[in-house]
There are 2 protein chains.
Amino acid sequence: MTAISFEDLQRRIAGILRRAGMNDTQSEALSGIIAAGERDGCKSHGIYRIEGVLRTLKAGKVNGRAEPVLAEDDGRGVIRVNAGHGFSTPAFELGLPLLVARTRELGLAAMVVNDCTHFSALWPEVEAVAEHGLAALVMCPSYASVAPAGGTAALLGTNPLAFGWPRSGQPPYAFDFATSVAARGELELKRRAGEPLPQGWAIDVNGQPTTDPDAGLAGAMLPFGGHKGSAIGTMIELLAGIMIGDLTSPEVLEQLGTTALAPHHGELIIALSPEAFVKGRPGDPFARAERLFDAIIGQGARLPSARRRAARELAERDGISLTAAELAELERMQRHGLDAVN
Amino acid sequence: MTAISFEDLQRRIAGILRRAGMNDTQSEALSGIIAAGERDGCKSHGIYRIEGVLRTLKAGKVNGRAEPVLAEDDGRGVIRVNAGHGFSTPAFELGLPLLVARTRELGLAAMVVNDCTHFSALWPEVEAVAEHGLAALVMCPSYASVAPAGGTAALLGTNPLAFGWPRSGQPPYAFDFATSVAARGELELKRRAGEPLPQGWAIDVNGQPTTDPDAGLAGAMLPFGGHKGSAIGTMIELLAGIMIGDLTSPEVLEQLGTTALAPHHGELIIALSPEAFVKGRPGDPFARAERLFDAIIGQGARLPSARRRAARELAERDGISLTAAELAELERMQRHGLDAVN
């Protein structure tokens with residue numbers, strides 16, 4: 001293992017993305033979010049993702065030279081950013097200052113990102129909002145791969161839901177999870193390991209429960225928590241697909257024709273100002289939240305961001321550890337650009 | 001069975017509540033919501049709830065003569081209503097017109113209800129917002145009865161989450177569920193039936209999994225969907241307890257000292273205008289939502305509001321069916337007022 005700094009890793013990733021034809025706006029934002037995934041021990045959203053970015057670029061399904069555009073400000077609570085068929089991250093970063101200002105002014109506000117390609121986790125975005133002392137709720141569709149509860153075929157996406165709450169002097173409380181019971185990558189890992197799927201993860205092409213990874217991957221995944229998770233997944237299609245005038249998960253799959261490339265859709269970010277909401281009421285909301293977190297931890301339970309946080313502290317102290325194979329892969333991608341992928 | 005009209009049922013319930021000392025504001029709002037529960041086949045939130053209302057009144061834990069107060073309008077996105085230690089429903093009804101107007105103006109807005117006693121389902125509130133063509137997200141704490149995932153004791157409430165989406169010419173799409181895997185009443189029913197609890201419903205006082213209803217009722221319920229449901233339950237404590245300057249579920253239990261009376265806390269309602277969010281984008285969001293609902297139903301899956309809706313249609317056609325015992329109980333409560341309960 002070799003330990004490198006966050007800055008060094010981001011520079012290497014940005015170099016790969018520029019070599020593949022991306023402009024500064026796209027490559028800076030993406031390299032930051034990929035390096036953050038690696039730093040936080042989220043290997044599934046770390047350098048592993050670069051290949052998917054390159055494949056999506058090579059397939060012409062994303063504009064690597066897009067400059068996101070902030071809509072003219074009408075002074076209302078909805079901030080609009082058009083990603084210009086580039087990646088979601090630069091669009092989010094463009095809109096963030098106005099979202100923060102408008103949330104402070106009105107008590108709550110929302111950012112709509114349209115026409116973006118999305119491959120990243122949502123926790124970096126709830127964290128970015130929370131660093132301004134605001135709570136955030138973020139959601140987006142993906143592509144049809146999850147059957148509604150009681151249904152027989154893929155319709156909903158894995159539709160992630162993320163939430164963040166600001167904490168003083170430390171990373172925010174943040175959760176970020178798929179509304180499917182398992183991620184597609186977890187089914188893939190079971191398949192490679194030759195292990196059966198746990199009950200309740202998937203159905204086959206005939207809509208029947210299956211523990212066979214191949215049958216599950218060909219069929220559909222199931223929502224977490226039965227009809228409750230299914231309802232939340234449906235809500236995400238409504239709010240972060242239909243309501244914002246962007247694609248739903250079945251429409252994404254229809255347009256893209258594959259789940260092997262990063263999906264193209266929109267994203268919804270809702271920000272809330274605890275200071276505005278608590279106005280005139282007793283008690284400091286941030287201090288009270290710490291007492292709630294202490295009570296959870298005091299039971300031996302873990303806060304949802306705990307594992308990420310521990311990995312981050314380690315990486316900040318000792319650097320980000322990469323294997324020789326990972327470093328070689330980064331060099332290979334740097335050398336070959338888009339030819340590094342099929 | 002005797003069938004009576006919605007209006008007749010509401011009048012009878014309002015009479016009972018007035019006889020027990022409640023003013024018109026409280027008794028009108030409560031009788032409407034209880035009659036709606038009965039009409040929609042939600043027996044757990046129908047006339048069964050009257051006894052709990054009377055007990056909470058008799059214990060002096062709610063002000064049956066409260067007049068909710070709308071805070072002076074500062075033109076921002078957060079509407080505030082103080083329930084004056086009365087029930088939540090009249091406070092919600094007082095604030096609704098301003099919430100609707102502000103949401104149309106800003107694109108999104110929120111209503112905070114403080115200092116209310118809460119015993120009702122949340123779907124009537126998401127439906128009331130959705131009837132104005134707006135989407136709604138509603139949540140509130142309850143009392144500590146659910147352990148966080150990985151924890152050992154009751155801390156979170158059953159913390160319901162509800163969502164509504166407007167539909168043209170028919171009741172809104174609406175879901176409303178506890179973030180515990182089962183409702184406390186379901187454990188109670190298992191206990192009475194002498195049946196074991198399903199795995200994963202509850203832990204005992206030592207924090208160990210149990211299928212014994214008595215042990216589970218003495219211990220803690222578990223969140224739905226493992227750590228995901230636990231995270232959502234925690235989010236509800238943060239947003240609809242702490243952020244709005246009202247009680248969390250452990251604080252409610254501490255103040256009330258029992259789960260036999262209706263809990264006292266706050267409530268958060270977030271309303272979103274699809275017309276504002278979709279502005280400048282192609283496609284009618286309401287027509288697109290219908291296509292999504294059709295695709296769900298086309299798989300043989302059910303929309304979350306389907307059962308309630310079928311019961312409502314039947315009640316609107318044939319009246320609300322009550323048993324002789326239920327009618328006798330209504331008469332007994334009307335005759336005896338607060339003496340009808342312990």
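Select B:R281 and A:D115: their side chains make a polar contact at 3.0 Å. A polar contact is a pair of N or O atoms within 3.5 Å; within protein, one must be able to donate a hydrogen and the other to accept it, and residues adjacent in sequence count only if both atoms are side-chain atoms.

Before moving on, two notes on the numbers. This is a predicted model, in which local features need pLDDT of at least 70 and side-chain atom pairs count only at pLDDT 80 or more, while totals for chains, interfaces and linings use all residues. Residues are numbered from 1 along each chain as its sequence is written, chains are lettered from A and ligands numbered from 1 in the order in which they are written, and side-chain values use heavy atoms, with hydrogens and water left out.

Stay on B:R281. It is in the loop between helix 10 (274-278) and helix 11 (285-298) of chain B. Helices (H or I, at least four residues) and strands (E, at least two) are DSSP runs, numbered from the N terminus. Now show its contacts (heavy atoms within 4.5 Å). Leaving aside neighbours within four places in sequence, B:R281 touches A:N82, A:N114, A:D115, A:I244, A:G245 and A:D246.

Next, the aromatic rings. Rings of Phe, Tyr and Trp (its six-membered ring) pair if their centres lie within 6.5 Å; planes under 30 degrees apart are stacked, over 60 edge-to-face, the rest tilted. Over all chains, the count is 15 aromatic pairs.

Pick A:F177 and A:F224. Their ring centres are 5.6 Å apart and their planes at 65 degrees, so the pair is edge-to-face. A:F177 lies in strand 7 (residues 173-177) of chain A, and A:F224 in the loop between strand 10 (220-221) and helix 8 (226-242) of chain A, so the pair ties together parts 47 residues apart in sequence. Both A:F177 and A:F224 are buried, meaning under 20% relative accessible area, with exposed over 50% and partly exposed in between (1.4 Å probe, protein chains only).

Switch to B:F163 and B:F175. Centres 5.7 Å apart and planes at 35 degrees make this pair tilted. B:F163 is buried at 0% relative accessibility; B:F175 is buried at 2%.
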